[in-house]
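Trainee: I would like to learn how to read a few features from a model. Please take them one at a time.

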Amino acid sequence: MTMTDPIADLLTRIRNCAKEGHETVLIPASRMKASIVRVLKEEGYIRNFRLMRDENEHPVLKVYLKYEAGVPIIRGLKRISTPGLRKYSGFKTVQKPLNGAGTAILSTSKGIMTHRQALAQKVGGEVLCEVW
């Protein structure tokens, strides 16, 4: 079965596991998902991640979730650009989630990055999701 929105699947798996208090979550791997998870690690939303293979030798990402006093660091994840409605933004007009308290993740010509990095490098792109 094909998946129509693998990024939404990634965000939903992380959101559900964080809500249930799981330490790790396994996600089918792709380069795009690995880049998004890398940004989440750099921003401090997750502890770590590893690229592994499951029992059928399919690549998976093992994401180690981060908690503070039993409360997940990731309070919310929201998919912005969907396969049916793409959302693009210039570097000057990127919406800052929660007035700057959150992070927007963009897909730019220079790779996957946060809205702060896009502003510093003066590149716009597709707004994939918001994390807070």
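This is a predicted model: local features need pLDDT of at least 70, side-chain atom pairs count only at pLDDT 80 or more; totals for chains, interfaces and linings use all residues.

Mentor: Residues are numbered from 1 along each chain as its sequence is written, and side-chain values use heavy atoms, with hydrogens and water left out.

Trainee: How far apart are the end C-alpha atoms of H1, and what span should its 15 residues have?

Mentor: Helices (H or I, at least four residues) and strands (E, at least two) are DSSP runs, numbered from the N terminus. The expected span of a helix is 1.5 Å times one less than its number of residues. For the 15 residues of H1 that gives 21 Å, and the end C-alpha atoms are 21 Å apart, which agrees. Just after H1, Gly-21 has a positive phi of about 85°.

Trainee: Which residues of H1 are buried?

Mentor: Buried means under 20% relative accessible area, exposed over 50%, and partly exposed in between (1.4 Å probe, protein chains only). In H1 the buried residues are Ile-7, Asp-9, Leu-10, Leu-11, Ile-14, Cys-17 and Ala-18.

Trainee: How many salt bridges does the structure hold?

Mentor: Side chains of opposite charge can pair when their charged atoms come close. A salt bridge is a side-chain nitrogen of Lys or Arg within 4 Å of a carboxyl oxygen of Asp or Glu. The structure holds six. One of them joins Asp-9 and Arg-13, at 2.9 Å from N to O.

Trainee: How are Asp-9 and Arg-13 placed in helix H1?

Mentor: An α-helix has 3.6 residues a turn, so residues three or four places apart point the same way. Asp-9 and Arg-13 are four residues apart in H1 (residues 6-20), which means about one helical turn lies between them. Asp-9 is buried, whereas Arg-13 is partly exposed at 30% relative accessible area.

A second pair is Arg-38 and Glu-42, whose closest N and O atoms are 3.0 Å apart. These two are also four residues apart, in helix H2 (residues 31-42), and about one helical turn separates them. Arg-38 is partly exposed at 30% relative accessibility, as is Glu-42 at 47%.

Trainee: Which parts of the chain does the pair of Arg-116 and Glu-43 tie together?

Mentor: In this salt bridge the closest N and O atoms of Arg-116 and Glu-43 are 3.3 Å apart. Arg-116 is in helix H3 (residues 115-121) and Glu-43 in the loop between H2 and strand E2 (46-53), so the pair ties together parts 73 residues apart in sequence. Arg-116 is partly exposed at 38%, and Glu-43 at 31%.

Trainee: Is Thr-103 buried or exposed?

Mentor: Thr-103, in strand E8 (residues 103-108), is buried, with a relative accessible area of 2%.
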